[in-house]
Each structure stands twice: as C-alpha cells, then as structure tokens.
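Biologist: I am new to this structure and would like a close look at one part, the packing of a few neighbouring helices. Please take me through it step by step.

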Amino acid sequence: MGTRLGHRQVLLRPLPLGRETQDRMTGPAYGLVCLTAGPEIRFRTITLTRYRALNPDQRYGTLLDLYADNVARVRRAADYCAARGIRLYRLSSSLFPMLDLDGDDTGAQVLAHLAPQLRDAGHAFQDHGVRVLMHPEQFIVLNSDRPEVRESSLRAITTHAQVMDALSLERSTWNLLLLHGGKGGRARELQAIIPDLPDAVRLRLGLENDERAYSPRDLLPVCEATGTPLILDAHHHVVHDRLPDQEDPSVREWVLAARRTWTPPEWQVVHLSNGLDGPQDRRHSWLIDQVPSAYHDVPWIEVEAKGKEEALVALGACAPTLTA
C-alpha cells in the first residue's frame, strides 16, 4: 500500500476513501483552482522590492510570519474542500515568495523550520481524500533558447517540487506538477530535457496544450516518448485550431489520445473553461456554461473559471458556502 517516512505513511497510490465517501462519488471530480472568489481561501505575499529593502534579520522574520500564515491557510483549504465535497484542489504556486531567489536561502531556511506544519497540511488533504495538483507560473520555460532562462526555470520548478515533498505529496502524477510546452518550436529540446529532470519534478510532471505555441498534436509525441501525461485543455484547443466550439469531434479524439498517456488512465486530468465572450475568447468566464460532451467519462476535471467555488456550485460539484 505504501512506504513509511518516520511514523507517517507516504502513499504510492491514492489514499482509499471511506465507504460513505465512495458511495457519493458519481460523475467526475471537479477541482477548485487555488483560491476562492470569496474570502475563505486567500494567501499573503510580498514584493521583491519590499523584501530587498529589509535587512537580513528582518527578512527571516518577515518570511517566517508570511510562510507560517500561508501554511495555516493551506491547512484550512483542506478542510474547506472536504466540507464541500471538493475532491481535487490546485495548490497555489505563489505560497512562498522569495523561496527560489538566486543567492538567498532565507526562504529555504524558513521552510525547513516549518517542516512539521507543512507535513500536517499535506496529511490533511490525504486524510480527507483530496487530490492535490500544482500548476506553476508560465514564465517557467525549460526549453528556452536562453541559457539563463533555462537555469532560472529549472531552479523554480525544482523549488515547487520541493514544496510538494515538504507537504508529503507523493512523487507521482497523482500529485501532478503541470507545465505548458514552453518556447514554441522547441518540442525536441523539451523532450530531451525531461529525462534529466530531478525525480521530484520528473515523476510528477504533466504537460498541457496551450492556445498559442503547443497544440495537443505538438505535445503528444513528447509525452509518448518521455512517459509524461498530457493534460487536455479543450478551450485552448478550440482557440489554437480556430474551431467553432468545444463540441468539435476532435475534442473527443484528443480526450482519448491524452488518456493513453496516463498510467493509470483513471488518473486522467483535463481542464475546463469557457471563453468570456465566445469560444475564441482566451479570457475565462465567471461560470461554466458549456461542459463538452467529450468530457463525459473523464474522472478528474479542473475548473478554470473566474467564479471559482461559485462555478463549482453551479455545476453541482460543490456544496454552497455556509453563511451565518
């Protein structure tokens, strides 16, 4: 079932859910992305300018206060998801600002100090049966033609993987670490880089098609060659290929092609969003008006809508927030 690190179990496959929870699991698991539209899940941050204005002692204390608060908020996010029946949660990649700052290990020291709290937050998701993913910033471009960008991108993605390790999230695509294809026209370079990534990154890595540089057709050979799962975004596909809408037959073809890159296929994740002003609008709408029929048997669906939990409630995938 798993292996042990200290006194806690590190899962090698998803934590089994209770019988009552399993009985309620009908249809796909719709996922909440990072924040809520309301005040329930919000995180603090600090700008680089403000951070650099602090002296070294102030930097440590400031990050300790900020990181500890954000870890506590992550812990509450696990309870929030569990209380509302949300079984998929995308962890914010901005929880720990300055953590990947070149030449400054203050953030790493603070994170090490908070190791027990981080483990507790990660175990809360596991105990609630909530799957956790992360989708770092788009400025991570592993296949850039600029060496300094490749270096900073590797440092950033490795730092995100270390955060997932600190949360005791398993090194597999159950706890996905998702990237876009990066620099356009450099699929071969991306394919060459993936096998040499640190295990903490490589074993969690998934690739998503985007609306500009990489279609599913571009990424599929990379995924097949490297054993990396493909995360289909039907909205991006429609925009990239200038299709009428998400009911185009090719969407179903790509759902099935992407599924073949997942091991096991039951872990397949897709992204769901609608254009704000029609199918070709890259901007996300507040709620979801159209769920493509091609997604009818997809098990895990991340909902990228501006309305966050309101969109999940409208889909019938989430209990409404309780108010006094």
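Modeller: H3 passes H4 in a right-handed crossing (left-handed if the near helix is turned anticlockwise from the far one by less than a right angle, right-handed if clockwise). Helices (H or I, at least four residues) and strands (E, at least two) are DSSP runs, numbered from the N terminus. This is a predicted model, in which local features need pLDDT of at least 70 and side-chain atom pairs count only at pLDDT 80 or more, while totals for chains, interfaces and linings use all residues. Residues are numbered from 1 along each chain as its sequence is written, and side-chain values use heavy atoms, with hydrogens and water left out.

Two packed helices are described by the angle between their axes and the distance between the axes. Axes are lines fitted to C-alpha atoms, for helices over the stretch in contact, and angles run from 0 to 180 degrees between N-to-C directions. For helix H3 (residues 56-83) and helix H4 (residues 106-113), the axes come within 9 Å and cross at roughly 45 degrees. That makes H3 oblique to H4, given that angles under 35 degrees count as roughly parallel, over 145 as roughly antiparallel, 65 to 115 as roughly perpendicular and the rest as oblique. On the H3 side the contact (heavy atoms within 4.5 Å) is made by Arg59, Tyr60, Leu63, Leu64 and Tyr67, and on the H4 side by Thr106, Gly107, Gln109, Val110, Leu111 and His113. These residues of H3 and H4 divide into 6 nonpolar, 4 polar and 1 charged. In this count Ala, Val, Leu, Ile, Met, Phe, Trp, Tyr, Cys and Pro are nonpolar, Asp, Glu, Lys and Arg are charged, and the others, Gly among them, are polar.

Next comes helix H5 (residues 115-128), whose axis comes within 5 Å of that of H4, with a crossing of roughly 65 degrees. H4 is therefore roughly perpendicular to H5. Here Leu111, Ala112 and His113 in H4 meet Ala115, Pro116, Gln117 and Leu118 in H5. The contact of H4 with H5 holds 5 nonpolar, 2 polar and no charged residues.

H5 also packs on H3: their axes come within 9 Å and cross at roughly 10 degrees. H3 and H5 are therefore roughly parallel to each other. H3 contributes Val71, Val74, Arg75, Ala77, Ala78, Asp79 and Ala82 to the contact, and H5 contributes Gln117, Leu118, Asp120, Ala121, Ala124, Phe125 and His128. By class, the contact of H3 with H5 has 9 nonpolar, 2 polar and 3 charged residues.

Taken pair by pair, H3 is oblique to H4, H4 is roughly perpendicular to H5, and H3 is roughly parallel to H5.
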